[in-house]
Amino acid sequence: MELDETDRAILRILQEDARTPFSEVARRIDMSSATVHDRVSRLEDAGVIRGYHADIDPKAVGYGVGALVGLRVEQGREEDALDRLRGIDGVREIHLTTGEWDVMLRVVAADTDRLRELMFDQIADIEGFSRSQTMVILDTDYEQPGPPL
C-alpha cells in the first residue's frame with residue numbers, strides 16, 4: 001500500500017497515542033473526522049495498522065528482569081522449537097536472525113531466580129536448540145514504538 005503524507009501524519013499521531021479521538025486527529029491535520037475515519041479504516045484493512053495496545057511497564061506488573069536470549073537452532077527442528085517458544089509466558093518477542101544466533105528472544109521474569117527457571121526449566125528443555133546466550137537488560141535508555149514515519 002502506498003502511503004501519502006496525510007496517512008503518515010495520521011499514523012504518527014496514533015503511534016504517539018492510539019486513544020487520540022478522530023476529531024482531534026482531524027483538527028491537527030486540518031481534515032474532516034469522517035475522512036480520518038475512512039483513512040484509518042483503509043489502513044487497518046490493508047494491515048498497516050495491526051492493532052491498538054496499552055504500553056504497560058513490565059516492572060509495574062511484577063516483571064523486574066528483562067533479557068535478550070540468543071539461540072542456535074538445529075537444522076530441521078525450527079518449526080517445532082518456535083511453536084514451543086510461543087507457548088512460554090515470559091517470551092515476549094521472537095526474532096529470526098542472521099549472524100551468530102538463529103533466534104533472538106526478548107524475555108521477562110519477576111526476578112533472576114524466575115529468569116533462571118525460565119531459561120533452564122522451560123527454554124532449555126525444548127529440543128532443537130544447541131546453544132544459547134542470555135544477556136540481562138540492566139536498563140533501557142531509549143525505546144521507540146513502531147517504525148519511523
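**Close-up views of a predicted model**

**View 1. A nonpolar surface patch formed by Ile56, Val61 and Tyr63.** Together, these three residues of the predicted model have about 290 Å² of accessible area. Isoleucine 56 sits in the loop that lies between helix H3 (33-45) and strand E1 (65-73). Its relative accessibility is 54%, so isoleucine 56 counts as exposed. The cut-off for exposed is over 50%.

**View 2. An open sheet of four strands.** The strand order is E2-E3-E1-E4, with antiparallel pairing. Strand E2 (91-96) and strand E4 (129-137) are the edge strands. Each of these two pairs on one side only. From one strand to the next, the twist averages 20°. Strands of a sheet pair through backbone hydrogen bonds, in either a parallel or an antiparallel manner.

**View 3. The pairing of E1 with E4.** These two strands run antiparallel and are joined by eight bridges. Which residue of E4 is the bridge partner of valine 69? The partner is threonine 134.

**View 4. Helix H4 across the sheet strands.** Helix H4 spans residues 78-86. Helix H4 lies across E1, E2, strand E3 (103-109) and E4. Relative to E2, helix H4 runs at about 155°.

**View 5. Helix H5 across the sheet strands.** Residues 112-123 make up helix H5. E1, E2, E3 and E4 are the strands that helix H5 lies across. The angle of helix H5 to E3 is about 135°.

Terms used:
Residues are numbered from 1 along each chain as its sequence is written. This is a predicted model: local features need pLDDT of at least 70, side-chain atom pairs count only at pLDDT 80 or more; totals for chains, interfaces and linings use all residues. Side-chain values use heavy atoms; hydrogens and water are left out. Patches are made of residues with over 30% relative accessible area and no salt bridge: like charges are joined within 9 Å, nonpolar side chains (Val, Leu, Ile, Met, Phe, Trp, Tyr) within 5 Å. Accessible areas come from the Shrake-Rupley method with a 1.4 Å probe; for residues, only the protein chains shown count as cover. A salt bridge is a side-chain nitrogen of Lys or Arg within 4 Å of a carboxyl oxygen of Asp or Glu. Buried means under 20% relative accessible area, exposed over 50%, partly exposed in between (1.4 Å probe, protein chains only). Two strands pair if DSSP finds at least two bridges between them. Axes are lines fitted to C-alpha atoms, for helices over the stretch in contact, and angles run from 0 to 180 degrees between N-to-C directions. Contact means heavy atoms within 4.5 Å.
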